[in-house]
Every structure is written in C-alpha cells, then in structure tokens.
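Thank you for sending this entry for comment.

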Amino acid sequence: TKGMDEGVCICKACKAGSDCKVVRQLVPGKGQGARFVVNAAADQDPMFRSLRNSAFTSGALVHLHTSLDEGDVTKGFSAPPGGITAVTVKQARIDNALAKFPFSECSTLARTSEGMCNANCLKRVQSLHCCGIDVEKPVLGRFTPIEAKDPDNNDLLLTSPLLLCSATNATLQTCFNQKSKDASEGTICMHGASSFKTQYYPNAKSVRGEPDEQGKINSFYAAEGDSDEDGVSDQEEEALAMDKHCAWREQDKADRETRNGRACESDADCKSVTGREDKRGRCVEASRAYCPAKCDERRISIGSSSLDKFSFATRKLLAVEELALTTFESAATTQVGARRWKPKCDGADTPDCFTIEEAEAYVTSNYAMIQVDFDTFDEEVTSGAE
C-alpha cells in the first residue's frame, strides 16, 4: 500500500492518499526518505502472519522490496508500538550483463528474485497438497493474480494462494512443515533446468560439472531463448509442461543420478546409476522451481536500525491531533474495530469518550512511527563477468 514511484510517494492507506510528499534529508548525511505513523492495532488489522507456528510481532511489519521480490516478506523489519523505528536502506546491484547466455546462466527475461521464485514454488505445493487449493504453476517466478473475496464480499487479487489457507490450523501447519522439509531434501521444487542438456561454451561459468562427450552440460539455465516471443523462455515452457519426473533425495546422492529430473511415467523409469533396486528413484509430480538469476539485478538491504521510545511531546502531539480529528468527525462518522478512536470527553457523563490521558495511552499501545532514510544509494556493483 505504500511505495515510491518516480520520486512520488504513494500511500493508499494513509490519510494523505497519493498526495503525500517525499521527505528530504531526515538525517544529516543521508539521502531522501520517508516518515509515516501507523496505527498498528493488531486485533483489528488482518495481519499477514508467519505460517510457521502462526507467529506475529506486535506492531507494524515493514517490507522492503523491489519489483523483483514483491511479496518476499522475509526482507524487512518490525516497528513496535510506542516508539520511533529509524532505519537506513542500502542498494546493491548485481551485474551479469557482460556474461549473458551462452556464457552464464543469468536471464534478461527474469521478473522475480531467485528467493521469491523458489518460495512461490513451495507455496503452490503447500496450497495444493495441504489446503486443496489448485492454482496455475508460477511463470517467471510469480503467480497470476488470484481472485478472492474479502469478508465484506469485495473483490481481491492475491499474490499467494496460501493467503486463502488458515494459518492457525495445526494439521495444516504439520503439512506445511513437511513440504518445506521435502523442498530442503530436493524432492520438490527441483532446479528448473534439471536433466536438460545444453551446449557448453568454453568460457561459460557454471557449477554444473563438466560437459559430456557431445559437449553438452547438464542442468544449465538457458533462459534467453524465446522462439514464440511471449516473454517466457523456451526452456521454462518445457519445464512447466512436464507432468512427472524422477526424483531422489539429496541425502541419497541425487547429484550423481543422471536421471534425476528426467521425465517419467512410473518408478520403473527412474533406475539408479548404481543399478541397485533399493536406490531407484521415485516418479513424482513434476514440481520445478525455474529460477535463473537476473542479469542486472538491484537488491535492497537494511544498513542500520535504531529504536527510541516516543518522547513526551511526540506522544502528546499524536494524541491531540487524533483526538481532535475524531471529535470533529464523530457527529457524521462511526468508527468500528480496534482502531476506533472516541471523541474527547466534554465533561458530560458519557462513558464512550477519551480523556487526553486515555488518548495518550492508546497512542503508546498502538502507534508506531517509522522513519526510513536512504543511504547515498551509490551502487555497490558485483559483476559476474569478472
């Protein structure tokens, strides 16, 4: 709901709407940034909770992302109520443009970070096998927007099918954890180019081993070829079209099995290089994470952070402003839920009101101030061509 677009601050949830201003030089020596105050009352806000153990942090969760990793909520920080959280943000650029295919595995077609792409593969498996929700496989690392309804029957477009699952169901938690374990063992969300043979070039950079006698290398991302010009590489389309493939667990030395990731119809097609029946792989649903690195990628990270409690003046100012606005609007507007402010008590015997002391206590318990300052944003460039 909040973001920057060509230097213009966009905030769909804040009072200023799209007309909020970019803050310049909040901290000496830093670049432009943003400051905002959030009512983080948790018992009314629909929190995006951690699926693992349904844990959440009291306060606001601030998600830092680029267009490549939108939805990857592991990158961010929490802002507890009753204080000012100040962070500085840095930017780094990964430049592999001089080493594009056929000399590296990077892709100019990629639209999603590797981490987000792998996470979305796992989310689809979890939603399908744990929640019974079937959605299309992620393409270019992300889902087609998923249509849903909110509690008031308004239309929603979701970026993850897991938002339709119950995060508090213990049975689902067990299933989610098992699928995460399967992914770590390599039996689901396999490398997207697994078992594909690609012509090897002497100057190419890969960790996929040595080329075979035909001069081809195994499981090498060739993500640039797009014969139908639909923006999706031919190799990714081939991976998405697979119904079943052979799979071995990492602990069973999957990297040595030449048929790992090969298309199959039954377990009989998944013979081990050892020739032993007890080492045979399993023919399973083809779950592949096609996630090549982007040739020119920008990444955002937190350089430093600090937390200070609200000063007496800050707490008083926020309480007076909100209380005055609520009192002014109370005749025409009824607020509901945990965010609800009450008009100022006017001396009459009206229990549904706030004294200034109660308003200050409400601010301390529910409000978080967040200050984000960009470092100079001189790019730290890492080149894969070196």
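**Note on the predicted model**

1. Within the chain, among contacts with a separation of 6 or more, 63% are made by residues 24 or more positions apart. These values are computed from a predicted model. The chain holds 5 helices and 17 strands. It has 386 residues, of which 40% count as buried.

2. The count of disulfides comes to 8. Three of them are discussed here, beginning with the bond between cysteine 130 and cysteine 175, where the S to S distance is 2.0 Å. The torsion about this S-S bond is about -80 degrees, so the disulfide is left-handed. Cysteine 130 belongs to helix H1 (residues 114-130) and cysteine 175 to helix H2 (residues 170-185), so the bond ties together parts that lie 45 residues apart in sequence. Both cysteine 130 and cysteine 175 are buried.

3. Is threonine 171 buried or exposed? Its relative accessibility is 61%, and because the cut-off for exposed is over 50%, threonine 171 counts as exposed. The C-alpha atom of threonine 171 is separated by 8.6 Å from that of cysteine 130, although the two residues are 41 residues apart along the chain.

4. A further disulfide joins cysteine 264 to cysteine 283, with an S to S distance of 2.1 Å. Here the torsion about the S-S bond is about 100 degrees, so this disulfide is right-handed. Cysteine 264 sits in the loop between strand E12 (244-247) and strand E13 (282-285), while cysteine 283 is in strand E13 itself; the pair therefore ties together parts 19 residues apart in sequence. Cysteine 264 and cysteine 283 are both buried.

5. Cysteine 345 and cysteine 353 are likewise joined by a disulfide, at an S to S distance of 2.0 Å. With a torsion of about 90 degrees about the S-S bond, the disulfide of cysteine 345 and cysteine 353 is right-handed. Cysteine 353, at 8% relative accessibility, counts as buried, because buried means under 20%.

6. The next point concerns a helix pair. Helix H4 (residues 312-329) packs with helix H5 (residues 356-366) at an angle of about 110 degrees, and their axes are 9 Å apart. H4 is therefore roughly perpendicular to H5, because angles of 65 to 115 degrees count as such. The crossing in which H4 passes H5 is right-handed.

7. Which residues make the contact of H4 with H5? On the side of H4 they are Arg315, Lys316, Leu318, Ala319, Val320 and Leu323. On the side of H5 they are Ile356, Ala359, Glu360, Val363 and Thr364. By type, the residues of this contact divide into 7 nonpolar, 1 polar and 3 charged.

8. In summary, the disulfide of cysteine 130 and cysteine 175 is left-handed, whereas that of cysteine 264 and cysteine 283 is right-handed, as is that of cysteine 345 and cysteine 353.

Definitions and conventions
Residues are numbered from 1 along each chain as its sequence is written. This is a predicted model: local features need pLDDT of at least 70, side-chain atom pairs count only at pLDDT 80 or more; totals for chains, interfaces and linings use all residues. Side-chain values use heavy atoms; hydrogens and water are left out. A disulfide is a pair of cysteine sulfur atoms within 2.5 Å. Helices (H or I, at least four residues) and strands (E, at least two) are DSSP runs, numbered from the N terminus. Buried means under 20% relative accessible area, exposed over 50%, partly exposed in between (1.4 Å probe, protein chains only). Axes are lines fitted to C-alpha atoms, for helices over the stretch in contact, and angles run from 0 to 180 degrees between N-to-C directions. Angles under 35 degrees count as roughly parallel, over 145 as roughly antiparallel, 65 to 115 as roughly perpendicular and the rest as oblique. A crossing is left-handed if the near helix is turned anticlockwise from the far one by less than a right angle, and right-handed if clockwise. Contact means heavy atoms within 4.5 Å. Ala, Val, Leu, Ile, Met, Phe, Trp, Tyr, Cys and Pro count as nonpolar, Asp, Glu, Lys and Arg as charged, and the others, Gly among them, as polar.
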